[in-house]
Amino acid sequence: MRALVIANWKMNPPTFREARGLFEATRKAAERSRGVTLVVAPPVIFLRPLSALYKGKRIAFALQGGHWEKAGAQTGEISMAQAQDARASYIIVGHSESRARGETNEDTRKKVAAALALKLTPILCVGERQRDQGGAHFTIVSEQLRAVFGELTATQAARVIVAYEPIWAIGGEESMSPRDMHEMAIFIRKSIVDLLGQGSMSVKIIYGGAATEENATAMLAGGDVVGLLVGHVSVDSKRFAALLSAISKSVV
Ligand code: PGA
């Protein structure tokens, strides 16, 4: 089985020169890593120049966020069609950092619908800010899922990738345990099946939050996930190459 790795560069690096260098190193690492499907999500200003430079097939591009409207008076925004024109084929929706800036569940619903209409693959991020004994994290995740999947058909749902990202793990070095991820994956699948029926059992789930070269293979082996959403490690070319290589050795 191929592993899906999304390199979420967030707002890095500062210059195009560095972005080109990082992309070049990432490309080389990806070419050595059989069994891995790699998606790079650069800052949008670097999307077109990087995708224009790239002639291969191993790497796909993602938009980190975009507006659901096709065009119009939306200062500071970018439309999904514009990103698609720059060769993005995936879009990250509902990332906790976007939610912290005001993206609501209703916004994620509109974004996923707009992405699907354009045949972009939405990567829907869900996850709780903190965990307590009361299990409130399950309620939060189920609301985030319901907002989007409650409005989709099972066929549409099959095209959405769910990225579970516990916010408390993001940016650190320690991911959630694969065992806890496994439990959450079962919960996510059950929540979607409850909304859409058995046909949506095969929804793709990935994990994000301190995914590193140290923990990647254990998470893929034990977390019941098909891939990883990688933040800070994806902008460190040596660490990211080590992560891809570790995954590649474990999947092929
Ligand atoms: P991290 O970020 O890998 O730096 O924890 C993941 C994410 O926020 O998508």
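User: In β5, which residue is the bridge partner of Y90?

Analyst: The bridge partner of Y90 there is T121. Before we go on, this is a predicted model, so to speak: local features need pLDDT of at least 70 and side-chain atom pairs pLDDT 80 or more, while totals for chains, interfaces and linings use all residues. Residues are numbered from 1 along each chain as its sequence is written, and side-chain values use heavy atoms, with hydrogens and water left out.

User: How many bridges join β4 to β5?

Analyst: Strands of a sheet pair through backbone hydrogen bonds, either parallel or antiparallel. Here β4 (residues 88-93) and β5 (residues 121-126) run parallel and are joined by four bridges. Two strands count as paired if DSSP finds at least two bridges between them; strands (E, at least two residues) and helices (H or I, at least four) are DSSP runs numbered from the N terminus.

User: What do the strands build together?

Analyst: They make a closed barrel of eight strands, in the order β1-β2-β3-β4-β5-β6-β7-β8, with parallel pairing. On average, neighbouring strands of this sheet are turned by 25° against each other, direction ignored.

User: Which strands does helix α2 lie across?

Analyst: Helix α2 (residues 44-53) lies across β3 (59-63) and β4, and runs at about 155° to β3. Helix α10 (residues 237-251) packs on the sheet too, touching β1 (3-8), β2 (36-41) and β8 (227-230), and its direction makes about 170° with that of β1. Contact means heavy atoms within 4.5 Å; axes are lines fitted to C-alpha atoms, for helices over the stretch in contact, with angles from 0 to 180 degrees between N-to-C directions.

User: Which residues are around the ligand?

Analyst: Among them are K10, H95, E165, G171 and H232, where near means a heavy atom within 4 Å. A polar side-chain atom of K10 lies 2.7 Å from a ligand oxygen, and a side-chain N or O atom of E165 is 2.7 Å from an oxygen atom of the ligand. G171 uses a polar backbone atom, 2.7 Å from a ligand oxygen. The protein covers 99% of the 280 Å² of accessible area (Shrake-Rupley, 1.4 Å probe) that the ligand has on its own.

Technical notes
Polar contact = N/O pair within 3.5 Å; in protein donor to acceptor, adjacent residues only side chain to side chain.
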